[in-house]
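Hi everyone, thanks for making time. I'd like to walk you through a few spots in a model I've been looking at.

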Amino acid sequence: MSTPNKKSTKLTFTVLSICAAALLATACGSDKNAASTTSPSAAASTAPAATAAATQAPAAQRTLKDAMGHDVKVPANPKTVIASYLEDPLLTLGVKPAVQWSVKGGSVQDYLQTQLNGVPIIPSDLPVESVLKAAPDFMIVGSESQVEKGLYDQYSKIVPTYVLGTETTGDFRKTLLKMGELLNKTDVANKALADYDQKAKDTKAKLASTIGDKKVAILWLTNKNFYVVNGKVASGAVVYGDLGLQMPNILAVLPDAKANWVPISLEKLAQLDADYIFLVNSDKGQAGNLEDPLWKNIPAVKSNRVYDMDKQSSWLYNGVIAGTRVMDDILKVSVK
C-alpha cells in the first residue's frame, strides 16, 4: 500500500477512521503519529526480535590480563586462531584452529584427526616464521615457558597473544573455562563440562559392578621404557579423579611430578599391586619388556587384566574430548 501524502490536508475524520479500522495491522499511517495505531499483535510479533537483537549485541574487543601480566587486546570475534596443544578445548568450544600442534616430523594428536582433517601442522615450539605464515588474528599459548627469551615480544608484534599459564593448563576444566571466556563462548564451555560430568557419573555407576574398588594402573610403554601417569593429569585425572578408581601402591607413593608421565623401572614395576592395567603401548609388536618374567608376575598380568590401548588413543592427553574417550575405552573393555 502506498504511503499517505503528509501534505493532504483535506482528509476528513471519517476517512481517517475507515483507514485506521480497515488497515490497522499494516499501520496505515506511516508518519510519526501513526505509531499509535499499531496493533497489539504486531507489537508482540516484533518484541522477540528486538529482545534477541539486544541480547545478541556484537561482542566488543576487550583488554584482558594474562598469566604473565600482559594486557592483551582480545579480538571480539577472532576467525583465525592458533592454540597449539590446546586443540581439544578449542574444538570443544566449536572453534577449528588455523594450524595444529605437531612434533618430530609431523606427529600429531591422533585422536583429534577426524575434527582436524585438513588443518596444517605447526611445530610445537611455535617458530615465529610459522606463526607469521599462518596469519592468525589471535593466539593462545599454554605455558609461560613457551614464550621465554623474548618470544612473547616477537609473537605480540604479529598477533594478540594470551598466555594461559601452567596453573590454568594443569586443570582441563580451568583451561576450557578460560578459553571460553577469551572466545566469548562461556556458555558453550559450561554446557560441555556439565555434559562431561554427567558422562563421568554414568560411567562410574557402570564400573561399580565390574572394577569396583579394585586397583587400577595406567602405564605407557614407549621405546622399551615404562612410564606411569602422575595421577593428576591426562587419563590419570579421569581414572582417579572423575571416576574415583583406586590407585595402586606405586602411584600412591610417587612424589609429585611436573611431567604428565613419570619413568619407572621394570624392577620397581614388579612390585605393582594393580588388579587392572591400562597399557598405552607405543611398542606394540616389538619383543622386549612384556616378555620379561618381572612383568609376567604382576597380579593384573597374571590374571589377564591388561588392556592394550592404541598409541593413537586419547590416554596421553587432557581435555573434554580426551577424557570422554578414555571413559568409553574403559567401558568397552571392562563392561560386557
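This is a predicted model: local features need pLDDT of at least 70, side-chain atom pairs count only at pLDDT 80 or more; totals for chains, interfaces and linings use all residues.

Residues are numbered from 1 along each chain as its sequence is written, and side-chain values use heavy atoms, with hydrogens and water left out.

Let's begin with serine 102, which sits in strand 4, residues 100-102; strands here are DSSP runs of E, at least two residues, and helices are runs of H or I, at least four, numbered from the N terminus. Is serine 102 buried or exposed? It is buried, because its relative accessible area is 4%, and buried means under 20%, exposed over 50%, partly exposed in between, with a 1.4 Å probe and protein chains only. Its side chain reaches the backbone oxygen of isoleucine 122 at 3.1 Å.

Now aspartate 171, in the loop between helix 6 (166-169) and helix 7 (172-182). Aspartate 171 is partly exposed, at 27% relative accessible area. Along the sequence, aspartate 171 and lysine 232 are 61 residues apart, yet their C-alpha atoms are 8.5 Å apart in space.

Finally, how do helix 7 and helix 8 (residues 186-207) cross? Their axes, lines fitted to C-alpha atoms over the stretch in contact (heavy atoms within 4.5 Å), come within 7 Å and cross at roughly 155°, with angles running from 0 to 180 degrees between N-to-C directions. So helix 7 is roughly antiparallel to helix 8, the label for angles over 145 degrees.

Notes: A polar contact is a pair of N or O atoms within 3.5 Å; within protein, one must be able to donate a hydrogen and the other to accept it, and residues adjacent in sequence count only if both atoms are side-chain atoms. Angles under 35 degrees count as roughly parallel, over 145 as roughly antiparallel, 65 to 115 as roughly perpendicular and the rest as oblique.
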